[in-house]
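Please take a moment to look at the chain as a whole before reading on.

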Amino acid sequence: MDEMFFESIVKNSPMAYAYHKIILNEEGTPCDYIFLDVNSAFEEMSGMKRENMIGKKVTEAMPDIQGDSFDWIKVYGKVALNGGMEEYERYSEVLDRWYRVYVYSPEPYYFVVNFMDISKERKQVEERDQLMEILRERDLEFHFIIENLPFCLGMVQLDGTFLYINPSGQALYELEEATYYGQSIIPYWEESKEWIRFVEAVKVTGLIRDYEMNLKMPSGKVFWAIGIGMLFQYQGKVCILLAQYDITQRRQAEKALMESEEKFRSIFEYASESILIVQNSRIQINNPMFSNLLGYSKEELFDKPFLELVHEEDRPKAKEVYYERLSGEEPEKRPQYRVVCKDGSIVWVEVNGVRAKWLDKPAIEYFLVDITEQKKVEDALRASEERLRMIMGFSSDVTWIFNFDQLKLTYVSPSIFHFLGYHPEELMKMNPVDLVPNEFRLKTKQILIQNIKEFMAKPEESNTYTIELQNIHKDGKRIWTEMSSKNRYNDKMEVEIVSSSRNIEERKHAQQEVLYLSYHDQLTGLYNRRYYEEELRRMDTKNNLPITMILADVNGLKLTNDAFGHMTGDLLLKRTVEIFHQNSRCGDIIARIGGDEFVFLLSRTNKEEAEEMISRMKAAMAKEKVENGILSVSFGSATKTMADQDIYYIFSEAENAMYQQKLKESISMRNQTIQIITDTLFRDNQEEEVHNRRVSELCKELAIAMELGEDMIHHVTVAGFYHDIGKIGLDKHIISKMEPMTEEEWIQFRRHPEKGYQILKSSAEFAQAAQYVLSHHERMDGNGYPQGISGEDIPLPARILSVADAYDTMRNPRGYHEKWSQEDAVRELLKNAGTQFDEAVVRIFVDMVLRQSLEGFK
């Protein structure tokens, strides 16, 4: 390449170029230099024209250079004289610029200078240095701040290795400053997979905020933290700048808040009272209980004017209270309104409301309690109180209240006038003690004081107690009273006795009667077995010796009862007792110890005196005439003469003596009674007597014809005569009735075989005949009465009696029945032979008693 090419490069180079020759002074020291050549870049850099510089000394072209703090001539001269190259950066005060200067000498005394304006670069460096200084200062500040941050700040590699962590982080992770470097953060995470998910999230976005993580420390402490992660270059490595805040308390608070909100939500949803919020007089929200109360859905209630639900009569008051609450006022008491349900029914509610905020605006939160049932109870209570006042006004019982602390009556019901003759206001001025007879005062006072002491010790267990006493009427007479009382405290905490007094005069009389009956026989008025047993134990002492016991047994009482009824038997007993009283002493104890048995307890009475008493009673009875019966009593006696004798043994001896006497007297007495019964029956109905005699005769003939033997003939004959003795118990109109019997009469009539059996069996003489009388209306086919037996189970004499009775009834009818001819009667017997009657008995009866040929009835 030619010289012109290089010259062109120099001339057009962007780097300033100048070619100089050094000038020496007399001492040979550089003192100036001459401009030999410059390029365009130098002209631009120096701000001078080429023609003003070429051939001139620098001190001429740039006179201010000598005052520059840098000795340019000296530095350039050194290179020009010594050769080599120098590079340096200098500030030219003349040009007010920074230059990077390259100076070299191509030959002695000559040198070339290349200038590069680095003012901009130097300014940047200076600014950088200033910035670096600032950064160094800031770094110290930031380091102080980071070291003292209240939260964890650390630099962690993507694999979890700690590169840096501040003191708060060291405390959080329980690390020491000297040992944390190089440790892994992953074991501190509750789940290691969560760290991987965190790193991936940071890598995707470069920055992640509010990332919640669950951490567990070596000490076992577990807590929640919220973190910020940012990708960062640190020490030439891709890391995560991690900031963490312990939010355990916040999480706990949030959990507690959530639980609290859930609890209050549950309370709202499941509250037993109705809850609603009203804003601008419209319902904003309500719980299910309010919907259930009124029958509206939540959607139907939303934004509904709440006053529309209030009963029109209560609406003005509800509106007034609503605005009072909005203004901050509170009603004196919780108002009660009627609300109208969807179906038109009315519900009473008690309303409590509080001023609240709903969506940052004033509202009223209402709490409603359904008091419909309470209202019903209150209405019922008012009605009950009114009824009670009426009852107390008209009741025969007296209610009164006595203030025990003040010792005076504070209330007496109006019924006191009918009770004791006093008006309430009159009695309240009196001392209640004056109403109690002296003999009742002490006991009554003791009972009242004892119960008051018990009440004051345990007032919650106050019990009702009852006192029976007499009160003195205004007219002076005494009245038995039952006083039921209960103690209480009044509103002044004074003890009060609340009592109800009842007239128990009738009850007292009834009690006395019951007491009398508990020791006396109701029918005869004598002492009963209970009294006898107690008196026997009391009497059995040495002072009462000799003690004689007489036992008496009324003969034939059962027979009389069976035949004539218990009224006749009772009359017999009463007359017997009258004779006992007439022939005994005033202090003698007579007791009825059985249906027909009596006992006499005679203190200080010997055997002879007792026998004399028995003789007087027997003589009196022998003279006694009793309708439809015989007054007969068997007696037996025994006497205790020594203290060591057993009184119960004496009783047994008297009893044995009585039974021995009874054996002697009873057979004759029973036969006499049966005769009386028969006479009575026949006296009232002579047809019955004639019928019974004919039947007896027919039975005898038929038994003889059947060759039954003398005893059997005798018993069947007796049975025929007495077969209707049981009719003694029938009403007389039934026996003589001229029209068919009613069903009830027929039932009564069918009992006469049993009645006759009971009468006759009491006598040994008629016991056999009694069996035949019992069965004489039985049928061979089992359709008879009273036992319904059949065939051979029916005694043969009864079968004979049945045929004889039927035949005579047909031939000699009584009452409304028509008379049958003999032929018709025989045909009827033969017709019913084998069903109603014994066929063999019928045939013998027709053939041998009636002497009718059976051939004529075929």
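In which loop is the place of Pro546? Pro546 sits in the loop between α17 (529–539) and β22 (547–554), where helices (H or I, at least four residues) and strands (E, at least two) are DSSP runs, numbered from the N terminus. This is a predicted model, in which local features need pLDDT of at least 70 and side-chain atom pairs count only at pLDDT 80 or more, while totals for chains, interfaces and linings use all residues. Residues are numbered from 1 along each chain as its sequence is written, and side-chain values use heavy atoms, with hydrogens and water left out.

Most peptide bonds are trans, and most residues other than glycine have a negative phi. The bond from Leu545 to Pro546, however, is cis, with omega near -10°. The peptide bond from Tyr785 to Pro786 is also cis, with omega near 10°, and Pro786 lies in the loop between α27 (767–774) and α28 (796–811).

Asn280, in the loop between β11 (274–279) and β12 (282–286), has a phi near 55°. With a relative accessible area of 63%, Asn280 is exposed, since buried means under 20% relative accessible area, exposed over 50%, and partly exposed in between, for a 1.4 Å probe and protein chains only. Glu707, whose phi is near 55°, belongs to the loop between α22 (686–705) and α23 (710–722), and at 71% relative accessibility Glu707 counts as exposed.

The axes of α23 and α27 are 8 Å apart and form an angle of about 60°; axes are lines fitted to C-alpha atoms, for helices over the stretch in contact, and angles run from 0 to 180 degrees between N-to-C directions. The two helices α23 and α27 are therefore oblique to each other, because angles under 35 degrees count as roughly parallel, over 145 as roughly antiparallel, 65 to 115 as roughly perpendicular and the rest as oblique.

Finally, consider a pair of strands. Strands β16 (residues 398–403) and β17 (residues 408–412) run antiparallel and are joined by four bridges, where two strands pair if DSSP finds at least two bridges between them. Ile401 stands opposite Tyr411 in β17. The hairpin of β16 and β17 has four residues between the strands, and in this hairpin Leu407 takes a positive phi near 55°.
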